[in-house]
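Here is a note for a colleague who is new to this structure. Please read the points below alongside the sequence and the 3D view.

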Amino acid sequence: MLRSQVREEIFKILFRLPFNKEEDMEEQIEFSIEELNGKSDKNISYIREKVNDIIVRIKDIDDKIEECCEGWAINRIGNAELAIMRIAVYEIMFEDDVPGSVSVNEAVELTKLYCDDNAKGFVNAVLGKVVNSVDKQ
């Protein structure tokens, strides 16, 4: 799988978060993983680990998103946009091997696929602020 395809699968899992109880997410992750039959064990393991890592750090990720959303409470952000931004913010904050510009670009591409046309500008602006705020630390 290409890295962009892996991100898309992670997005599909994270999109389920608002619709499920925290204790049900492991089962939701497994449902999603089962749909990936035929994919390499390496990709499946990476997806599972990254989703779990994002969920563990969700408070820090959401705090950073809200900090960079000037005037928008996180509960006003669409579920798809939020799931996409959570992946990118996780990569920006916690993965040194992914440049911030790549995370932002990949997030915008996912936004084009799954969100309203106007969402890509919003996602790009918020993530740009995240990159700048993380670079300054």
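1. pLDDT is the predictor's confidence in each residue, on a scale from 0 to 100. This is a predicted model, in which local features need pLDDT of at least 70 and side-chain atom pairs count only at pLDDT 80 or more, while totals for chains, interfaces and linings use all residues. Residues are numbered from 1 along each chain as its sequence is written, and side-chain values use heavy atoms, leaving out hydrogens and water.

2. The protein chain has a mean pLDDT of 91, with 99% of its residues at 70 or more. Confidence is lowest in helix H2 (residues 25-34), where the mean is 82, and highest in H5, where it is 97. Helices here are DSSP runs (H or I, at least four residues), numbered from the N terminus.

3. Helix H1 (residues 3-14) packs on helix H5 (residues 79-94) at an angle of about 125°, and their axes are 9 Å apart. Axes are lines fitted to C-alpha atoms over the stretch in contact, and angles run from 0 to 180 degrees between N-to-C directions. H1 and H5 are therefore oblique to each other (under 35 degrees counts as roughly parallel, over 145 as roughly antiparallel, 65 to 115 as roughly perpendicular, and the rest as oblique). On the H1 side the contact (heavy atoms within 4.5 Å) is made by Arg7, Ile10, Phe11 and Leu14, and on the H5 side by Ala80, Ala83, Ile84, Ile87 and Glu91.

4. H1 also packs against H6, at about 60° and with the axes 11 Å apart. That makes H1 oblique to H6. Ser4, Arg7, Glu8, Phe11 and Lys12 of H1 meet Val102, Glu106, Leu110, Leu113 and Tyr114 of H6 in this contact.

5. The axes of H5 and H6 cross at roughly 165° and come within 9 Å, so the two helices are roughly antiparallel to each other. From H5, the contact takes in Ala80, Ile84, Ala88, Glu91 and Ile92; from H6, it takes in Gly100, Ser103, Val104, Ala107, Leu110, Thr111 and Tyr114.

6. The structure holds 15 salt bridges (a side-chain nitrogen of Lys or Arg within 4 Å of a carboxyl oxygen of Asp or Glu). One of them joins the side chains of Arg3 and Glu95, at 4.0 Å from N to O. Arg3 lies in helix H1 and Glu95 in the loop between H5 and helix H6 (100-114), so this pair ties together parts that are 92 residues apart in sequence.
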